[in-house]
Amino acid sequence: MTRFSLLLGGDVVLTDRLLRQTAGTRSIAADGGMRHARALGLEPELWVGDFDSTPADLAARHAGVPRLTHPADKDKTDGELAVEAALARGATELILVGALGGQFDHALGHAVLAIRLARQGLRVVLSSGSEEAHPLIAGEHRLELPPGSRLSIVGLAEMTGLTLEGTRWPLTDAHVDLGSTLTLSNVAEGHVRARLASGYGLAIAYPEHGV
């Protein structure tokens, strides 16, 4: 397994859990996401983007990091460019740090990108430190969350055969219509196991105390 932390431009809350998730990973920064590197103890091996949100002091602080510069008029976000760079370097697991807690259009776009990557066989998590999003596609999933963590399943399509175990309110072979709020605001009571027959969405978690 080759794990990469991708540093994106959204806000980040530094937690012990996030530090553990990113420890020992290779990393790539996307434009202003480089500002998270020092707090996480990471020195990215590549810095990508159009650099329109990189202040001069941040650029000077990480002047030794190789850059892959793209024009401002481009058809992909800096985050997607960072994902492509990581895949080209053999990434099999990705944690998109700063993918949540920023602009909603970018956050949602990267969440849907994560679903596409999951369908390609990659393990992906999006995190702001205090909040995580895990792609949920057809198949079996295991989420390691501290007991007491709030957990919501947000369907981005009609979901069938949804089973949840290890939660305060379990489900068995449930049909969840698009737009239903049935699966919001559950609580993890240990390791959560989810199975889905068809459809896709996001498992959004708020790890209790960031552990």
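Among contacts in the protein between residues at least 6 apart in sequence, what percentage join residues at least 24 apart? I looked this up and found 63%, where contact means heavy atoms within 4.5 Å.

I note that the model is predicted, with local features needing pLDDT of at least 70, side-chain atom pairs counting only at pLDDT 80 or more, and totals for chains, interfaces and linings using all residues. Residues are numbered from 1 along each chain as its sequence is written, and side-chain values use heavy atoms, without hydrogens and water.

**Whole protein**

I found 5 helices and 13 strands; helices (H or I, at least four residues) and strands (E, at least two) are DSSP runs, numbered from the N terminus. For 211 residues, a compact globule would have a radius of gyration near 17 Å, and the protein agrees because its value is 17 Å. This radius is taken over C-alpha atoms, and the globule rule is 2.2 Å times the number of residues to the power 0.38. I recorded that buried residues make up 50% of the 211, buried meaning under 20% relative accessible area (1.4 Å probe, protein chains only).

**Helix α5**

I then checked helix α5, residues 104–119. Its 16 residues should span 22 Å at 1.5 Å a residue, and its end C-alpha atoms are 23 Å apart, which agrees. The expected span is 1.5 Å times one less than the number of residues. The buried residues of α5 include Ala107, His110, Leu113 and Leu117. I noted that the buried residues of α5 pack against α4 (78–88), β5 (93–97), β6 (123–127), β7 (132–136) and β13 (201–206). Just after α5, Gly121 has a positive phi of about 100°.
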